Amino acid sequence: MDKKEFGLFASALRTYYPKENILPNAQALELWYKQLKDIPYKVAEVTLNKWVAVNKWSPSIAEIREEATKLINGEAMTWSEAWETVLKAISRYGTYRADEGLASLEPITQKVVKRLGFTNLCVTDNIGVERANFRIIYEQEVKRQEQDAQIPPQIKAVINQVLLLEGASNEKQL
C-alpha cells in the first residue's frame, strides 16, 4: 500500500476507534506505515473491516499483520483435521507406499509426519501417543510458519543480513 492508501487506512482506524489515542502524531503514522506498507491496500481494508466487526478495541500492528496473513494465505488446518489426513494416508498407502503417503499430505502435515516417521506411524502399537506427539509438533510448526509469514519482507532481509554476518563472524572464530 502506498502512503495515500495508508492515509485512508489510518483515517478509518481512527474513525472506528475515536476514544483511543491511536496514531496520535506524524511519527506514529510513519512507524505504522513502515510496518504495514507491504500489505496490499485491499487486504488491509478487508482486514480492518473484519477486525471492527468482531473486536471492541483497536488492533495492534501485529494483529493487523496476523489477520492480513490469514486472509492472504488462508487458515491452516487444525491439528485434528491434519491428523485425519494422516490416518487416511496410512490406511490408503501403508508402509509399502510411504513416499506416496507422504506426498498426499499438505506441506505442514508432511513436515510433521517426516519428523515422526510415516512407517513408524503405520506400525505403532500406541497410536494415542503418536497422535499427541503429532498435535504438539503440528501446532508448533503452524505457529512458526504463521509468524514467519507475518514478518515484513524488509525485516526478513535485515534478519538474513545479520545472520550472514554472524555466520561469517563465527567461521572466522573457528
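Start with the salt bridges: there are eleven of them in this structure. A salt bridge here is a side-chain nitrogen of Lys or Arg within 4 Å of a carboxyl oxygen of Asp or Glu. Side chains of opposite charge can pair when their charged atoms come close.

Before you click, two notes. This is a predicted model, where local features need pLDDT of at least 70 and side-chain atom pairs count only at pLDDT 80 or more, while totals for chains, interfaces and linings use all residues. Residues are numbered from 1 along each chain as its sequence is written, and side-chain values use heavy atoms, with hydrogens and water left out.

**Stop 1: helix 4**

Select residues 61-73, which form helix 4. Helices are DSSP runs (H or I, at least four residues), numbered from the N terminus. Now show the side chains of Glu66 and Lys70. They form a salt bridge, with the closest N and O atoms 3.6 Å apart. The two sit four residues apart in helix 4, about one turn.

Glu67 and Lys70 are about one helical turn apart because three residues separate them in helix 4.

Which of these residues is buried? Glu67 is, with a relative accessible area of 18%. (Buried means under 20% relative accessible area, exposed over 50%, partly exposed in between, using a 1.4 Å probe and protein chains only.) Glu66 is partly exposed at 31%, and Lys70 is partly exposed at 22%.

Lys50, Glu66, Glu67 and Lys70 are linked in a network of salt bridges.

**Stop 2: helix 7 to helix 9**

Select Glu141 and Lys111. Their salt bridge has its closest N and O atoms 3.0 Å apart. Glu141 belongs to helix 9 (residues 127-150) and Lys111 to helix 7 (residues 107-116), so this pair ties together parts that are 30 residues apart in sequence. Glu141 is buried at 3% relative accessibility, whereas Lys111 is partly exposed at 41%.

**Stop 3: helix 5 against helix 9**

From helix 5, pick Trp79, Ala82, Trp83 and Val86. From helix 9, pick Ile127, Glu130, Arg131, Phe134, Arg135, Tyr138 and Glu139.

How values were computed. Contact = heavy atoms within 4.5 Å.
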